[in-house]
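User: I would like to learn how to read a few features of a protein model. Can we take them one at a time?

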Amino acid sequence: MEKALDYLAKSGTFYLATVDGDVPQVRPFGAVCEFEGKLYIVTNNQKDVYKQMKANPHVAVSGMVEGTWIRLRGVVAEDERREARVAMLEANPTLTSMYSADDGLMTVFRFEEGTATVCSFTDAPVEYAL
């Protein structure tokens with residue numbers, strides 16, 4: 001999990017894929033954190049991505065750093081605890097311009113299970129458990 005977290009943090013922007021019925025949807029994300037040994041992402045509970053993750057928790061993430069790329073596949077679950085939202089805000093202070101831990105909008109999801117694979121054109125892929 002730590003290697004995936006570090007990689008996504010270095011990438012700055014990464015892309016989260018969900019499904020809306022049978023239609024794939026991809027959008028940029030930029031905030032991750034570790035809380036209680038799990039990888040977390042954040043979104044607004046008024047967005048379609050929130051509804052899509054609630055309807056089908058299987059997601060994929062991709063990002064790039066210096067000629068390599070990461071692919072995460074896994075299952076996410078909403079964490080409704082205030083402590084998880086606070087951890088996200090502390091790890092990503094720029095989020096405070098959009099969210100507060102008690103605003104009723106900020107929602108965090110943790111990866112319950114999954115794998116991360118780092119690839120390049122020159123080296124063999126390296127896989128990590130989330």
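Predicted model: local features only at pLDDT ≥ 70, side-chain atom pairs only at ≥ 80, totals over all residues.

User: How is a pair of aromatic rings described?

Analyst: Two values do it: the distance of the centres and the angle of the planes. This structure holds four aromatic pairs. One of them joins Phe35 and Tyr40, with 5.8 Å centre to centre and 80 degrees between the planes.

User: Which class does the pair of Phe35 and Tyr40 fall in?

Analyst: Edge-to-face. Planes over 60 degrees apart count that way, so 80 degrees qualifies.

User: Next, cysteines. What is a disulfide?

Analyst: A covalent bond between the sulfur atoms of two cysteines. Here the count is zero, judged by sulfur atoms within 2.5 Å.

User: Is Cys33 buried or exposed?

Analyst: Buried: Cys33 has 2% relative accessibility, and the class applies because that value is under 20%. Cys119 is buried too, at 8% relative accessible area.

User: Now pockets. How much space lies in the largest pocket?

Analyst: About 200 Å³. Its lining has 13 residues. Pro28, Phe29, Val42, Lys47 and Tyr99 lie nearest the centre of the largest pocket.

User: Which strands supply at least two residues each to that lining?

Analyst: Strand S2 (23-29) and strand S4 (38-44) each do.

User: What is the make-up of the lining by class?

Analyst: Eight residues are nonpolar, three are polar and two are charged.

Definitions and conventions: Residues numbered from 1 in each chain as written. Heavy atoms only, no water. Buried < 20%, exposed > 50% of the residue type's maximum accessible area, 1.4 Å probe, protein only. Phe/Tyr/Trp six-rings, centres within 6.5 Å; stacked < 30°, edge-to-face > 60°. 1 Å grid on protein atoms, 1.4 Å probe; cavity = no way out; pocket = protein on both sides within 12 Å on 5 of 7 lines; lining within 4 Å. Points joined across faces, edges and corners; volume = space filled by probe spheres on them. Helix = DSSP H or I, 4+ residues; strand = E, 2+ residues; numbered from the N terminus. Nonpolar A, V, L, I, M, F, W, Y, C, P; charged D, E, K, R; others polar.
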